[in-house]
Amino acid sequence: MEITLPPVDLGAITPELIVTGTALVILLVDLFLPRDRKTPLAYLSLLGLVLAFAASLPLWGRARYAFKESISLDPFSLFFSSLFLLIAALTILISTNYLEREEIHRGEYYALLLFATLGMMLLAKGMDLVVLFLGLETLSISLYTLAGFMRARLRSNESALKYLLLGAFASGFLLYGIAFLYGATGTTNLKKVAVFLGKGAPLSDPFLFIGAGLLIVGFGFKVATVPFHMWAPDVYEGAPTSVTAFMIAGTKAAAFSAFLRIFLYSLAPLKPNWSAVLWVLAVLTMTLGNVVAIAQQNIKRMLAYSSIAHAGYILVAVVAGGELGGSSILFYLLAYALMNLGAFAVVILLGQKGEENLNLPDYAGVGYRHPLPALAMAIFMFSLAGIPPTAGFMGKFYVFSAAVKAGYIGLAIIGVLNSVVSVFFYLRVTVMMYMREPRAEVGPIYTSPALAAALVIAVWGTLQLGLFPGRLLELALRSIRPLLG
Amino acid sequence: MNVLNFPILSLVTYLPILGAIVILFLSKERHEAIRWVAMVFSTASFVVSLWLPFYFDSTTAEMQFVEKLPWIQYLGVSYFMGIDGISLWLVLLTTMLCAISVLCSWEAITERVKEYHVFLLILETGMLGVFMALDFFLFYIFWEVVLVPMYFLIGVWGHPARKLYAAIKFFLFTLFGSVIMLLGILAIYFYHGGQTGVYTFDVLELMKTAYPYSSALLSFQNLVWLAFFLSFAIKVPMFPFHTWLPDAHTEAPTAGSVILAGILLKMGTYGFVRFNLPMFPESSKHFVTFMVTLSIIAIIYGAMVCLVQRDMKRLIAFSSVSHMGFVMLGMFALNAQGVQGSILQMVNHGLSTGALFLIVGLIYDRRHTRMIAEIGSGLSKQMPVYATLFAIVMLSSIGLPGLNGFIGEFLILVGAFKVNYIWASFAVTGIILGAAYMLWLFQRTMFGPLEKPENMKLLDLNAREIATLVPIVIMFFWIGLYPSPFLKRMEVSVNHVLEQVEKGQAGKVNPGTKAASVGATERHLPSIIQPTSGTSEGAPGVRER
């Protein structure tokens, strides 16, 4: 078999190249910086992210393929790349403080973060299952390392090892699914798969179903849907807090971007089959995530279960499908990223050295001792709970509209009831902050301009998307359209 | 239509939140300044809202002082505010009670003064928005926004023993109802969009569509009606959804109880008359018996529970359940007297129960107990002014002729009687029980020998405390002696709602389902105030004045 190299079109991957380049430069500059002065690297990586974003702007509006149709430059992929760049930037802003406090003086942190971002961007742009897999592995391997970044802490090690083992399992499932899909359709190119299935090819091919099923399992692991969520709470709790924030906001969005491209685009003809499966997964995910979150005392763990529940809401929108369902997912992921990163910024701010001060009772009376961070946290909690006028409300509103429109009333009812259940544990944070007397012995908190900037951006975004969501809704709609054909 | 060419409704709505923003910039130590800012802004809102009844055109059922701006065009959401005769008085009730709430918190709230007033003012904005919003999306946002400050008011400044429980229970109960309503809103939004091709949350537009109805319990219109019902019934609260109320009312600080009982509960009844009746006329008629039964249970059960309360505040909380039963009974009599009485009684209940909570708050501030037995007897000897005001408030709550409560209850009873005398006779039982528990409460605390040593040195009301009650007492007499300015302004709007209920789907644009409903509506044609039970005892439209 002869292998022909596709024509090289570097223009199509400029943002990715910039991110990669920045990561390499960071590794290099790191060598020349003193051991405890790594903060300039943060600003360097921010610069890279901004440049990458600027480079992606001219790509909007000219939907095209590159590298022999294995990279797609449609509004969908650009929406997601921009989202990932934003998530990465916010993560870096909340990291500097945290790394200094925990005395993690390593330049590789930023490089790995950028490599992970690169992987996510590939996931969004990949039009070929092989490219998707490459992106996913780039992302995952960077994250395995980042999860275990606090070498001295047992929890962090456990987190990394668990993530590695289960992540590898998930990758196995995915690869197996890709292989079956290839067997059934004779191609790994998603466009060709779509054309093949759309042409009226027999949709009863068992290979096809096995392939789709294995892909659901694989992505189910990555986005932590029940019953493939077991790793998530431990990994999220053990990983360094800034990495947890990145994983919760970023990995989920990235995995969903690939998932949407495969299921809403290529496997759309099979929708009656997979949507039934996802219906069940959505209900299980929402319910388990919310119910178990009620029992959590550790705030990172609570947010981990909450993120599981939110994956369930997104699945509701996937099941609903259509323009409304699709665009609601994009909107939701952005809203979700903002409020989670914001919440983690506060968790980092209020935390104490050695991952201390992370339990709910530690938040007693914070509302009066640190009014501004507490106010921000309250806004994020109400947003996560879906109380207007916040981004979280708009997101849920949008998701459940899609479900109602598509006729999934039962699913919508289960969804909103879940949302009521979730209010209980989100409110508990505000109860602690405002309605309990403060505990005596807590050290001072360290803030930094970067962290403050991240908080301001997150609060502003959460309220902006809640009050004036119009333009973003339209952008999300424009972005999902190419997928729906 | 906006006669003033000036966004007066937005001004009324956002003056309080403007005050909240000003307070945010004040140092938290400056308690006096914070109180004054809150006072000034809530009073300003009240004063501006006083213009509304003067410029209100009582000859039209159309929305007035309308403001409409595009907001989220893609979804068909607009910023749409307006009031008619139904919401007019509720808006004024809100601005008035909120100003009074600031005043009554003057000395009672000494901790976290800044946060308290910020929440109070946000709450006012939310409630005003609920009564003015004419876009479902906007309405829902205001509806939910009300929850958050109320939750904090109960949870932070409530009675320490059970405040957290009460706050969370309040939040979860109400939210549970609202999210189901949200699904109902979405259902009619998509149905309307599917029928007309125009996707909009505009309440007036959505009202024009006929939603498919059949007498089966689970027809589309019935389901949506039930979704709205759940949300509003929890808020009212109707039996059996009332269990959050005694806890929330009892544990909240005085101002919180005043606002909860005075205004928040009205959001539920307002929702029924604004949305359920005109939007889903067939279902509203379908569920009349169901609603009336629940209302009568609430009237009698609420009153009987009052008789056994040992806690003064809890007693008044349960009396709300009973009184709100009256409001719902009048509304679902579905005739002019019933609905007018129902709306007037919303205002009356807001005034009298608000005042009762103020009365309890005054004694609680002095004695730090709410237990009737602990408060002891004979207070009238030590506090004559207090006893006098208490007496007037109590008589208003009982429904003594000459005071406001009488007018509302009378209209409701007339309305109910015209449909079914059995309903009216049950309701009268509730009035008798109401007199029993209120008089007994008054007698136990105010009369008798002054025995407790703590009561010997009680101070009577000071000028500020009297000022919180006097405006309400003036309103008692005004509505009681000369109600026609109030009734006149709601009359056309009420008739319009009843007309919509009466005509049902026949009056709406939906060729597809029109045929099915003709038979159902013809029977009721002659008079808009005719009862809906199908029997034809409808008297000519006598309008009590």
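**Entry 1: the pocket lining**

I began with the lining of the largest pocket and sorted its residues by kind, which gave 39 nonpolar, five polar and three charged. I note here that I am reading a predicted model. For the volume of this largest pocket I have a value of about 1,700 Å³. I then looked up which of the 47 lining residues come closest to the centre of the pocket, and I found A:Leu375, A:Ile379 and A:Leu463 from chain A, together with B:Leu24 and B:Ile122 from chain B.

Next I asked myself which helices supply at least two residues each to the lining of the largest pocket. In chain A these are α15 (371–385) and α18 (449–467), and in chain B they are α1 (8–24), α5 (113–132), α6 (136–145) and α7 (147–157). The most is given by α15(A), from which eight residues of the lining come.

**Entry 2: the nonpolar cores**

I turned to the largest nonpolar core, which has 404 residues, and looked for the members that touch the most others; these are B:Phe136 and B:Phe272. The element that gives the most to this core is helix α13 (residues 322–350) of chain A, with 21 residues. Another core, of 10 residues, lies apart from the largest one, and A:Ala12, A:Leu59, A:Phe67 and A:Leu122 are among its members.

I then followed B:Phe272 and set aside its neighbours within four places in sequence. Its contacts include the phenylalanines B:Phe229, B:Phe232 and B:Phe332, the methionines B:Met238, B:Met291, B:Met328 and B:Met331, and also B:Ala233, B:Val236 and B:Leu277.

**Entry 3: a histidine in α16**

In helix α16 (residues 336–367) of chain B I looked up B:His349. B:His349 counts as buried, because its relative accessibility is 1% and the limit for buried is under 20%. Not counting residues up to four places away in sequence, B:His349 touches B:Ala261, B:Leu265, B:Lys266, B:Ser320, B:His323, B:Met324 and B:Gly354.

**Entry 4: aromatic pairs**

A search of the whole structure gave me 75 aromatic pairs over all chains. One of them is formed by B:Phe406 and B:Phe410, which I recorded as stacked, with 5.6 Å centre to centre and 25° between the planes. Both residues belong to helix α20 (residues 404–419) of chain B, where they are four residues apart, about one turn of the helix. I looked up their accessibility as well: B:Phe406 is partly exposed at 29%, and B:Phe410 is partly exposed at 39%.

How are the rings of B:Trp478 and B:Phe486 arranged, I asked next. Their centres are 5.3 Å apart and their planes stand at 70°, so I wrote this pair down as edge-to-face. In this pair B:Trp478 is partly exposed, with 42% relative accessibility, whereas B:Phe486 is buried, with a relative accessible area of 3%.

Key:
Residues numbered from 1 in each chain as written. Chains lettered and ligands numbered in written order. Predicted model: local features only at pLDDT ≥ 70, side-chain atom pairs only at ≥ 80, totals over all residues. Heavy atoms only, no water. Core = buried A, V, L, I, M, F, W, Y, C linked by side-chain atoms within 4.5 Å. Buried < 20%, exposed > 50% of the residue type's maximum accessible area, 1.4 Å probe, protein only. Contact = heavy atoms within 4.5 Å. 1 Å grid on protein atoms, 1.4 Å probe; cavity = no way out; pocket = protein on both sides within 12 Å on 5 of 7 lines; lining within 4 Å. Points joined across faces, edges and corners; volume = space filled by probe spheres on them. Nonpolar A, V, L, I, M, F, W, Y, C, P; charged D, E, K, R; others polar. Phe/Tyr/Trp six-rings, centres within 6.5 Å; stacked < 30°, edge-to-face > 60°.
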